Amino acid sequence: MLDEPTTIYLKHLFETKLNKAMRLYLDTCSRCGLCVDACHVYASMPETKYTPVGRAEVVRKLFKRYFRLQGTFAPWLGETLTMDDIGMDKAYEAAFSCTGCRRCVGFCPFGIDTQQVMGIAKLLLIGVEKQPQILAMLSDMSIAKGETYTESSDSYLEAIRNLEPEVEALAPKPEGRPTIPVSVPGSDVLYVSLSGAHSIIPAAAIMNAAKENWCLSYFEAVNFAAWLGDPKKQARISGRIVAEAERLGVKEVVIVECGTATRVMKFQSGRHSFKVLSIVELVARYLHEGRISVDPAKFQGSLTYHDPCQLGRNSGVLEEPRYIIGKLTKNFVELTPNREDNWCCGGGGGFISLGEHEFRMKSSKVKADQVRAAKVEVICTACENCHTQLTELNEHYGLGMKVESLTNMVAHALADTSV
Amino acid sequence: MDPQSVSKAAAAVSGATQAAAAAVSGATPVVVHSGFARFMDGVYYVIMVPMVYVALAVMVVGIIVKIVSIVSSPAPAFTLKTFPARRHPMLAALGDTFAMPQIRKRQPVFWLFLVWFHVGILLLILGHFDLFPNLNIMPAASRHMLGAGFVGVSVTVPAFYFLARRFRGEDRHISVPSDYLLLLLLIFTFLLGDMISWGNSWTARGFVMTKADFKQYFGILASFSFADPKTVLPGSHYHFIVLHLFLAELFMMILPFSKIVHTFFSLPLNILRRK
């Protein structure tokens with residue numbers, strides 16, 4: 001049992017989450033069970049605790065206990081939970097078995113958002129310091145980097161310069177400007193990558209081929225606090241990028257192949273003076289405007305595409321990847337289901353950063369089955385986490401296919417400009 | 001008129017019923033019997049008149065308080081819509097709310113029962129409006145309620161289906177006691193309603209009570225005369241009517257605090273998903 005001050009503190013944390021949507025989510029579920037079949041974890045490991053309603057009920061049972069009359073007079077009616085060790089353990093199990101893919105939103109007749117409800121569980125876990133320490137540490141590191149980046153900028157710039165030959169191998173060096181310009185005032189596009197070179201080189205080559213007036217951000221796009229469920233830290237992490245973009249006066253902020261970063265920057269970082277788009281949208285636009293072209297002969301074999309949940313159903317980037325793929329190959333096979341109904345890969349919600357290899361593999365059996373059924377040689381996607389997860393699924397389930405990143409495929413198929 | 005005198009007046013009108021009851025319980029001392037009968041008369045009266053107003057008030061105030069608590073909460077900090085975005089988000093939300101495509105696509109049998117049930121509920125409410133003194137949904141001369149019993153069946157059968165599906169598979173595990181109790185409450189209310197609207201005509205002499213009798217009872221409620229409804233609802237079916245009213249009042253009072261609030265919140269929730 002938690003002591004009284006802690007319980008009061010947790011109730012306060014809970015209340016901070018009770019906006020209009022959350023009150024509706026918590027009061028309205030009729031436990032019809034439609035969402036049960038939406039979750040890839042449940043489809044792979046059929047246990048009640050892995051159903052969207054099973055997860056949301058943990059929070060709902062705490063809500064009824066502390067915020068509803070029946071919690072006082074007839075707690076048995078809704079089998080309420082208390083904020084004790086058992087309640088918090090259940091909250092952890094619910095929140096960190098959910099990738100936040102929001103596939104269940106499309107199954108629920110009311111559109112209840114389990115990811116949002118899990119936000120309450122995650123905040124309560126932070127309140128009792130039971131949050132995943134890896135995500136907490138990574139969030140803090142991102143924030144610290146935002147405060148001290150000027151001190152480490154020399155080594156960063158040197159590391160970036162070392163990547164330039166690889167970019168120049170894919171697209172010619174632009175005239176009168178560096179191959180990878182970093183944080184340049186007056187740029188039209190600010191590209192926000194991840195920490196690995198693989199997230200910079202292909203995008204840099206594509207933007208150079210399109211003769212874009214772009215620059216690279218000092219920061220990485222990933223927002224660990226979004227997975228941790230800490231709204232304040234999330235805002236500080238995305239705030240670094242917003243501040244940089246506004247300082248440079250860019251027109252557009254382009255986010256690397258990362259679903260969560262795209263969604264956070266597009267929809268969850270407030271109003272800004274610039275437009276936010278995914279690198280996938282930018283590449284599709286370049287192809288559409290004829291600023292770049294790709295050589296369809298470069299890619300051989302059959303190809304399918306995995307819609308990253310946060311990029312597709314949660315950010316609306318659904319047709320652009322297909323447009324790009326249409327330029328790369330005619331040998332494209334859709335996964336079934338696809339687009340907004342696509343199965344989550346099982347790597348979202350910070351699970352990749354958390355490790356959790358065994359759970360990720362077991363809980364994504366349905367994904368492996370779906371991919372295997374497509375009978376293709378290559379699967380591509382546009383999200384770092386999805387890419388890692390698909391690579392591991394490929395190995396674990398012996399799918400025998402190659403996992404590719406869409407941007408990387410485009411960069412290696414750039415026509416005329418490739419060396 | 002105070003309830004006591006109303007009760008006495010009622011006893012005079014429904015004398016036949018009282019006499020019959022006395023004959024059956026002949027062995028019981030008259031004093032004890034009449035005391036119990038008076039007590040039950042009192043309980044019946046409370047259920048049939050004052051509690052109707054209380055239940056209605058609890059329901060209306062409860063819903064208003066709930067809606068105000070939601071409207072006065074801060075709006076979500078960011079959009080919660082899912083994609084692909086709809087060209088007409090409001091129309092899509094209305095479609096989600098009233099046509100339930102998510103269910104039709106994945107559980108068509110459940111969807112059929114849900115549509116049957118919800119249309120039934122609408123007709124049921126309409127049918128009860130027919131009982132108001134100055135309203136006629138059915139022709140004034142008709143002795144039947146709206147649908148002549150079919151409306152009642154249209155809510156009862158799906159309610160049994162909803163209960164049955166909670167006993168199988170994952171639906172059983174995700175259900176909590178209030179889910180079963182709420183359905184049982186509805187089922188008993190419906191069954192009693194079926195008995196009153198339909199079963200009540202299954203006698204050799206036709207209707208025991210007619211719609212005209214119910215209209216008189218609603219007249220008492222609408223006029224706030226606080227007269228004893230027993231005076232206008234003669235016969236042994238009165239017990240069923242009292243029980244029907246009691247369960248319906250329970251339902252009305254529970255409504256704002258139960259998942260039945262989806263009546264009001266389904267549309268705003270679907271707007272969140274689409275807009």
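Modeller: Strand 3 (residues 252-255) of chain A is joined to strand 4 of chain A by 4 bridges, and the two run parallel. Strands here are DSSP runs of E of at least two residues, helices are runs of H or I of at least four, and both are numbered from the N terminus. Two strands count as paired if DSSP finds at least two bridges between them. Within this pair, E252(A) stands opposite K275(A), which belongs to strand 4 of chain A. Helix 14 (residues 279-289) of chain A packs on the sheet and touches strand 3 and strand 4 of chain A, its direction making about 85° with that of strand 4. Contact means that the C-beta atoms of two residues, placed from the backbone, lie within 7 Å. Angles run from 0 to 180 degrees between N-to-C directions, along lines fitted to C-alpha atoms, for helices over the stretch in contact.

This is a predicted model, in which local features need pLDDT of at least 70 and side-chain atom pairs count only at pLDDT 80 or more, while totals for chains, interfaces and linings use all residues. Residues are numbered from 1 along each chain as its sequence is written, and chains are lettered from A and ligands numbered from 1 in the order in which they are written.

The pair belongs to an open sheet of 4 strands in chain A, ordered 2-1-3-4 with parallel pairing. Strand 2 (214-220) and strand 4 (275-278) of chain A are its edge strands, each pairing on one side only. From one strand to the next the twist averages 30°. Strands of a sheet pair through backbone hydrogen bonds, either parallel or antiparallel.

Chain A also holds an open sheet of 3 strands in the order 5-6-7, with parallel pairing. Strand 5 (303-306) and strand 7 (402-405) of chain A stand at the edges with a single partner strand each, so one side of each has no neighbour in the sheet. Neighbouring strands of this sheet are turned by 30° against each other on average, direction ignored. Strand 6 (residues 378-381) and strand 7 of chain A pair in the parallel sense over 4 bridges, and I379(A) stands opposite V403(A) of strand 7. Helix 19 (residues 384-396) of chain A packs on this sheet, touching strand 5, strand 6 and strand 7, and its direction makes about 175° with that of strand 7.

Now the contact between the chains. Chain A contributes 46 residues to it and chain B contributes 39. On the chain A side, the elements that give two or more residues are helix 2 (20-28), helix 4 (52-67) and helix 5 (69-73). Helix 2 of chain A gives the most, with 6 residues. By type, this side divides into 18 nonpolar, 17 polar and 11 charged residues; Ala, Val, Leu, Ile, Met, Phe, Trp, Tyr, Cys and Pro count as nonpolar, Asp, Glu, Lys and Arg as charged, and the others, Gly among them, as polar.

Helix 2 of chain A is largely enclosed by the rest of the structure, because 7 of its 9 residues are buried. A residue is buried if 20 or more other C-beta atoms, placed from the backbone, lie within 10 Å of its own, exposed if 12 or fewer do, and partly exposed in between. The buried residues of helix 2 are A21(A), M22(A), L24(A), Y25(A), L26(A), D27(A) and T28(A). Their cover includes helix 4 and helix 7 (114-127) of chain A, together with helix 4 and helix 13 (262-274) of chain B.

Helix 4 (residues 50-71) of chain B contains V65(B). V65(B) counts as exposed because it has 11 C-beta neighbours inside 10 Å. V65(B) lies 15 residues from P50(B) in sequence and 22 Å from it in space, C-alpha to C-alpha.

Chain B as a whole has 13 helices and 0 strands. Of its 275 residues, 29% are buried. In helix 10 of chain B the buried residues include L182(B), L186(B) and F190(B), and their cover includes helix 8 (150-165) and helix 12 (238-254) of chain B.

On confidence, the model scores ipTM 0.93 and pTM 0.91. The mean pLDDT of chain B, the predictor's confidence in each residue from 0 to 100, is 86, and 86% of its residues reach 70 or more. Residues 1-31 of chain B have pLDDT below 50, and this stretch has 24 contacts in the model beyond near neighbours in sequence. Where pLDDT is low, the predicted coordinates should not be read in detail.
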